[in-house]
Amino acid sequence: YKTGEIHKRKKQGERASLLPVEPYKYELCAHRDSITRLAFHPFYPLLVSASDDASIIVWDYESGLMERSMRGHTNNVNDIAFDATGKLLGM
């Protein structure tokens, strides 16, 4: 191997070790189509998922429970983010 290849393989191995392994703590299932974006709240244990099914779901990631589902979009929701204060959720 060339030096660059070994370094590249080592980095890939490090990243792979950060991925969760089974058994998973929770499996968050509620969307009917592909998830397009995830966003973590900056302060609270909340995770928001956006999907091609035109919905947004708020999850409590410590308990694995769905907190709220927001529907009403007429098309896919491709992006979602909290502002720095965590008070606003933008799409």
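Which residues does Ile56 touch, leaving aside those up to four places away in sequence? The close-ups below come from a predicted model, and the first of them takes up that question.

**View 1. Ile56 and the residues around it.** Not counting residues up to four places away in sequence, Ile56 touches Val48, Ser49, Arg68, Ser69, Met70, His73, Val77, Ile80 and Met91. Met70, in β4, is also the bridge partner of Ile56.

**View 2. An open sheet of four strands.** Read across, the order goes β1-β2-β3-β4, with antiparallel pairing. At the edges sit β1 and β4, each of which pairs on one side only. Going from one strand to the next, the twist averages 20 degrees. Zoom in on β3 and β4 and you'll find an antiparallel pair joined by six bridges.

**View 3. The one salt bridge of the structure.** Which side chains meet in it? They belong to Arg37 and Asp79, at 3.1 Å from N to O. Arg37 sits in strand β1 (residues 35–40) and Asp79 in the loop between β4 (65–71) and β5 (81–82), so this pair ties together parts that are 42 residues apart in sequence. Is Arg37 buried or partly exposed? Its relative accessibility is 38%, so Arg37 counts as partly exposed. Asp79 comes in at 41% relative accessibility, so it also counts as partly exposed.

**View 4. Ala54, a residue with positive phi.** Where is Ala54 found? Check the loop between β2 and β3. Its phi is positive, at about 70 degrees, although Ala54 is not a glycine. Ala54 has 12% relative accessibility and therefore counts as buried, the cut-off for that being under 20%.

**View 5. Confidence along the chain, with residues 1–9 picked out.** Mean pLDDT for the protein chain is 83, and 78% of its residues reach 70 or more. Over residues 1–9, though, pLDDT is below 50. How many contacts does this stretch have in the model, beyond near neighbours in sequence? It has two.

Terms used
Residues numbered from 1 in each chain as written. Predicted model: local features only at pLDDT ≥ 70, side-chain atom pairs only at ≥ 80, totals over all residues. Heavy atoms only, no water. Contact = heavy atoms within 4.5 Å. pLDDT = per-residue confidence, 0-100. Salt bridge = Lys/Arg side-chain N within 4 Å of Asp/Glu carboxyl O. Helix = DSSP H or I, 4+ residues; strand = E, 2+ residues; numbered from the N terminus. Buried < 20%, exposed > 50% of the residue type's maximum accessible area, 1.4 Å probe, protein only. Pairing = 2+ DSSP bridges. Axes fitted to C-alpha atoms, helices over the stretch in contact; angles between N-to-C directions.
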